[in-house]
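Dear colleague,

I am handing over the structure we spoke about, and my notes on it follow below. Please read them with the model open beside you.

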Amino acid sequence: MKTAFQLSKSRYGARRTLRNITLATASVTLLALAPVAASAETTIVALGDSLTAGYGLPEGEGLVPQLQAWLDAQGTDVTLVNAGVSGDTTAGGLSRLDWSLTPETDALIVTLGGNDLLRGLPPAETRDNLDAIVKSATERGLPVLLVPMEAPPNMGPDYKLQFDGIYREIAARYDAQITQPFFRMMSPQADDLDALRPWMQPDGIHPNKEGVSRVVANLGPAILSLADTLPE
């Protein structure tokens, strides 16, 4: 991708050339410049916690590297930026949103809420933070893909009902895209932790390499759909 200086320089050169050549040559010049715009990449920021950061996995085996490899294999021009920070709550993600969304960002993936659950934070607090994240991205003209978390049954039925409804509520409010809950992309029987054990690290919280691969198989197509919403 050209820098702003390079683009400015090339445009100046094109204008100077057009003043001194025939219309026929100018047409050839314009055709030669066309591939520059066509080769632009799509940059998607993946904002999240340790699930996004790739906690406990060797380099190249985490969520973002495996997703990038999957996208590359599809022949896309999508580049993922790993904005995952282990231990981050939704409040932490919100606090670093502004500097995570660089001018090159075209879309945003949000995978947050797991640490809110581990800390037993009030669902209303999680809702407010996620709402602010998606609202800010939407106001910047960035499409958003939400990857939900689910409260475990031992949090109690009221807590679970409030927490689990947050993501679809926000997706509907801002017309954001939404996937299955993160761990259900590993297995539909995500409520049964024993069923997930083959795809989890020993801590029982983070997926292993194979678990990440199962998530990628489901999340990859959703990212393609997100990229398809971007203007040409």
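The notes go through the sheet, some residues on and around it, the aromatic pairs and the pocket.

This is a predicted model, in which local features need pLDDT of at least 70 and side-chain atom pairs count only at pLDDT 80 or more, while totals for chains, interfaces and linings use all residues. Residues are numbered from 1 along each chain as its sequence is written, and side-chain values use heavy atoms, with hydrogens and water left out.

The sheet

Helices (H or I, at least four residues) and strands (E, at least two) are taken as DSSP runs and numbered from the N terminus, and two strands are said to pair if DSSP finds at least two bridges between them. On that basis 5 strands form an open sheet in the order 2-1-3-4-5, with parallel pairing. Its edges are strand 2 (78–84) and strand 5 (177–178), each of which pairs on one side only.

Strand 3 pairs with strand 1 in the parallel sense over 5 bridges, and Leu47 has Val110 of strand 3 as its bridge partner. Strand 3 is also joined by 3 bridges to strand 4 (residues 144–146), again running parallel, and here Leu108 stands opposite Val144 of strand 4. Strand 4 in turn pairs with strand 5 in the parallel sense over 2 bridges, where Leu146 stands opposite Ile178.

For exposure, buried means under 20% relative accessible area, exposed over 50%, and partly exposed in between (1.4 Å probe, protein chains only). Strand 3 (residues 107–111) is mostly covered, with 5 of its 5 residues buried. In a regular strand the side chains alternate between the two faces of the sheet. In strand 3, Ala107, Ile109 and Thr111 point one way and Leu108 and Val110 the other, and all are buried.

Contact is used here for heavy atoms within 4.5 Å, and each list leaves aside residues up to four places away in sequence.

Thr43, in strand 1 (residues 42–48), has a relative accessible area of 12% and is therefore buried. Thr43 is in contact with Thr79, Val81, Glu104, Thr105, Asp106 and Ala107. The C-alpha atoms of Thr43 and Val78 are separated by 5.9 Å, although the two residues are 35 apart along the chain.

Thr52 lies in helix 3 and is buried, with a relative accessible area of 1%. Thr52 touches Ala46, Leu47, Leu63, Val64, Asn82, Gly84 and Thr111. Thr52 and Leu112, 60 residues apart in sequence, are 8.9 Å apart in space, C-alpha to C-alpha.

Gln68, in helix 4 (residues 63–73), counts as buried because its relative accessibility is 17%. Gln68 touches Val78, Thr79 and Leu80.

Aromatic pairs

Rings of Phe, Tyr and Trp (its six-membered ring) pair if their centres lie within 6.5 Å, with planes under 30 degrees apart counted as stacked, over 60 as edge-to-face and the rest as tilted. A search of the whole structure finds 3 aromatic pairs. In one of them, Tyr159 and Phe163 have ring centres 6.2 Å apart and planes at 10°, so the pair is stacked. Both residues lie in helix 9 (residues 157–164), 4 residues apart, about one turn of the helix, and both are buried. The rings of Phe182 and Phe183, by contrast, have centres 5.2 Å apart and planes at 80°, so this pair is edge-to-face. Phe182 is buried at 2% relative accessible area, whereas Phe183 counts as partly exposed at 22%. Tyr159, Phe163 and Tyr167 form one aromatic cluster.

The largest pocket

On a 1 Å grid over the protein atoms alone, a pocket is an open set of points where a 1.4 Å probe fits, with protein on both sides within 12 Å along at least five of seven lines, and lining residues have an atom within 4 Å of a point. Grid points are joined across faces, edges and corners, and the volume is the space filled by probe spheres set on the points.

The largest pocket has a volume of about 630 Å³. Of the 26 residues that line it, the closest to its centre are Leu117, Glu150, Pro152, Phe183 and Leu193. Helix 3 (50–53), helix 7 (114–119) and helix 11 (193–196) are the elements that give two or more residues to this lining, and helix 7 gives the most, with 4 residues.

With kind regards
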